[in-house]
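Hi,

Here is the structure I said I would pass on.

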Amino acid sequence: MSVATDSKPKRGRGRNRKWADRSAGGGAERKRQKVQRQKNDNTQGVRGDYTPIEKTNAELESYYKTLQIIPESEWEEFMSTMRSDLPATFRVVDSRGDSHALNKVMIEKHFSKLEGVTINDEPAPIPQNIPWYPNGLAWQINMSRPLLRHSEELFCLHQFLVSEAELGNIARQEAVSMIPPLLLGVKPQHCVLDMCAAPGSKTLQLLEALHSDGPHPPGLVIANDGDNKRCYMLVTQTKRFSSLAFMVTNEDATRFPNLKIFNEKKELVNMKYDRILCDVPCTGDGTLRKNYAIWKKWSQGQALGIHKLQRRILLRAMDMLAEGGRIVYSTCSLNPIENEATVLSALKNRPGFRLLPTTECLPGLKRNEGLTNWKVMHSSGVWYEKFEDVDEKHKKSISPTMFPEGAVEHQLQNCIRVYPHAQNTGGFFICILERKADDSVSPTVSDPAPGTSEPVTDECPVDAPATNNFHKNTNTLVDKMKWKNYHGFREDPFIFLQPDQDCFKSIKDFYSLTDDFPYSNMFVRSESETKQRNLSVACSRIRDIIEQNTLKIKVINCGLRLFTYCKENFSSCNYRLLQEGAHFTSSFMGDKIFQVEMEDMIKILGPDSCPKDSMDAALYEKIKDLPQGIAVFHLKPEGIVPHIFTCVYVTPNHVKTYITEDEKNHFRVILGLEPLLTKREIKKRDAMEHHRQKRLVTADRIAAEERSVLTEEILDRIKAEKENENQDPQTLQQAYIEKQNMEDEEAS
């Protein structure tokens with residue numbers, strides 16, 4: 001059998017495809033070529049040439065200069081700020097009880113040590129308090145985040161911030177990004193929806209406000225994002241807060257489904273939200289100080305294309321808002337097509353809404369009023385002041401909703417514009433829309449969605465009959481969910497357990513749980529009993545939402561993990577209580593939670609396990625005969641020290657904390673102790689020391705080589721002088737001429 005060698009091999013499946021890839025120079029060959037290119041670029045031990053992005057865009061500068069959104073006297077300062085790096089900002093997470101104690105420790109032990117420190121022969125910048133953020137819990141350092149990460153002088157501060165951020169006690173967030181959740185005014189009883197939530201920094205602020213009165217709020221927060229991968233980023237960002245009144249969903253924000261819930265009359269009705277945050281996708285030209293790629297990619301045509309998407313998201317939010325409710329619409333763009341034009345068109349379409357004034361909100365924030373007049377530019381460069389003047393061939397991309405007609409009547413000056421040069425921040429747009437409490441007018445239909453003939457109305461097209469399958473633990477649940485076109489990973493179902501479940505008996509007996517513990521709100525994420533390793537809890541409202549809307553919405557995550565399966569032959573209970581659920585479970589525990597004194601808490605937070613007999617006599621009498629397993633130690637508040645709940649593992653003779661290194665260090669810092677070095681910090685410290693020693697060795701080698709060369713030159717000169725003493729001047733002159741000729745030949 002002959003094989004044609006000059007034809008391109010066909011790409012097949014399985015083994016055939018693998019061999020075809022090899023013979024055709026497939027993935028493996030491409031990988032080898034990539035590695036070789038990296039080696040070629042890395043011959044000097046550094047990465048290949050990197051050309052910095054030029055922070056200029058003639059179209060962007062011409063566009064905003066024509067719109068005159070910035071006064072002429074401030075234009076140069078505005079552009080100079082846009083080309084500079086964005087300072088690093090972070091905030092202490094509030095409503096955890098220990099925020100003020102952590103803030104005080106950070107000021108006294110870290111910020112105070114920066115005085116007198118120099119970086120690149122310049123004084124290290126001292127963190128400054130952001131004046132408009134409540135309770136003084138937000139900070140700004142006038143240096144970029146990369147410099148903060150790699151500066152040896154700020155090593156301790158950076159390690160502290162990283163450690164606390166891992167625990168969710170500190171959030172690294174851009175300053176202007178903190179504004180929308182503050183203006184939303186969330187209360188513990190509110191039902192809140194974040195329509196475009198990822199990556200989750202604003203969602204975390206919403207959870208803080210929801211839990212401002214305690215760990216068991218009557219309301220809830222639903223965080224949604226249309227990108228499946230970003231939803232998992234959202235889960236990672238918010239799970240550190242440990243809230244049972246929180247749910248992450250993966251739905252298209254323009255078609256977010258109407259969720260069914262029971263009203264006071266036990267009737268299924270559409271769920272309405274008290275607060276909705278619409279931080280919509282945008283062109284992002286307000287983030288030019290950190291997203292340098294936008295300088296190269298920005299064009300006005302992007303705003304024309306995304307305007308329709310932003311408008312549909314806002315209209316959908318207005319349809320789901322309860323009477324008297326509030327929407328905050330925000331973008332990180334300065335373009336009026338994405339901001340004022342979108343809000344104005346939505347207000348015209350939904351007459352029962354109004355813009356709230358914001359002049360009294362957040363004192364200390366420097367802001368500008370919203371625009372009431374602007375022009376629209378086509379991507380070809382043609383400007384229009386009215387839609388009637390738009391050329392027919394341009395009406396495909398320019399719509400009537402982009403023009404400012406009626407801006408003054410709808411009070412668009414109540415919007416907020418934050419410019420970068422005002423307070424050394426990014427650019428942002430925010431406005432507050434309120435649905436009138438006496439609004440009895442049904443919303444009018446909007447324009448048809450792109451590519452469809454059906455308008456967007458109050459009823460979302462995605463609607464399916466309610467179901468209540470989770471209490472039945474049926475194996476057909478996943479099959480019933482196949483009707484929905486799930487994008488991304490297919491999630492495991494939420495199986496809510498019955499109060500008489502077998503595992504609950506051992507958990508109740510071992511942890512002495514009271515009868516009012518919410519057993520009916522406990523759930524697992526697998527129908528197979530062998531895979532039910534984690535027991536989580538959700539609030540009653542989230543349980544009802546999931547049970548009644550199983551086939552309508554894709555839920556990524558919800559609730560709070562309490563117990564994890566860990567089989568132990570010497571224990572009567574195979575489930576260990578997790579630290580993230582200790583605060584919640586402690587209010588239902590009987591004799592498995594112990595009040596401890598400060599001295600005993602300090603002992604168990606040490607690097608090693610603590611002998612039982614070294615503790616206070618009263619505490620020793622309580623725990624000396626305690627069966628092996630998990631218990632909870634509670635330190636009552638004293639001064640600025642808050643409540644501290646920590647899981648401990650009790651053995652016949654010792655007690656040791658059952659928490660991570662970062663969690664232990666957090667408690668030590670709150671109690672005024674020095675933190676212990678974690679494995680991550682030891683590794684980084686050793687790496688930095690290794691590089692320092694390597695630099696010293698290299699410097700010594702170079703100095704030795706220079707001394708060696710210098711010594712050889714001196715010896716050669718002395719030797720030559722001695723040899724030349726016995727030679728006549730003519731011979732020396734001839735030797736000098738020959739040497740010069742040889743050097744010229746080598747140089748050429």
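**What I found**

Glu405 sits in the loop that runs between strand E17 (383-384) and strand E18 (416-418). Before going on: keep in mind that this is a predicted model.

Glu405 counts as exposed because its relative accessibility is 63%, and the cut-off for exposed is over 50%. Glu405 also belongs to a negative surface patch, together with Glu385, Glu388, Asp389 and Glu409. If you're setting up electrostatics, that's the patch I had in mind.

How many of the ten residues of helix H21 are buried? Eight are, so H21 (residues 661-670) is mostly covered, with buried meaning under 20% relative accessible area. Just after H21 comes Gly672, which takes a positive phi of about 85°.

Now the chain as a whole. There are 748 residues, and 48% of them count as buried. The secondary structure comes to 23 helices and 30 strands. The chain exposes about 38900 Å², with carbon and sulfur atoms supplying 50% of that area. As for contacts, take those between residues at least 6 apart in sequence: 73% of them join residues at least 24 apart.

That's it from me for now.

Cheers

Terms used: Residues are numbered from 1 along each chain as its sequence is written. This is a predicted model: local features need pLDDT of at least 70, side-chain atom pairs count only at pLDDT 80 or more; totals for chains, interfaces and linings use all residues. Side-chain values use heavy atoms; hydrogens and water are left out. Patches are made of residues with over 30% relative accessible area and no salt bridge: like charges are joined within 9 Å, nonpolar side chains (Val, Leu, Ile, Met, Phe, Trp, Tyr) within 5 Å. Accessible areas come from the Shrake-Rupley method with a 1.4 Å probe; for residues, only the protein chains shown count as cover. A salt bridge is a side-chain nitrogen of Lys or Arg within 4 Å of a carboxyl oxygen of Asp or Glu. Lys and Arg count as positive and Asp and Glu as negative; His and the chain ends are not counted. The place of a charge is taken as NZ of Lys, CZ of Arg, CG of Asp or CD of Glu. Helices (H or I, at least four residues) and strands (E, at least two) are DSSP runs, numbered from the N terminus. Buried means under 20% relative accessible area, exposed over 50%, partly exposed in between (1.4 Å probe, protein chains only). Contact means heavy atoms within 4.5 Å.
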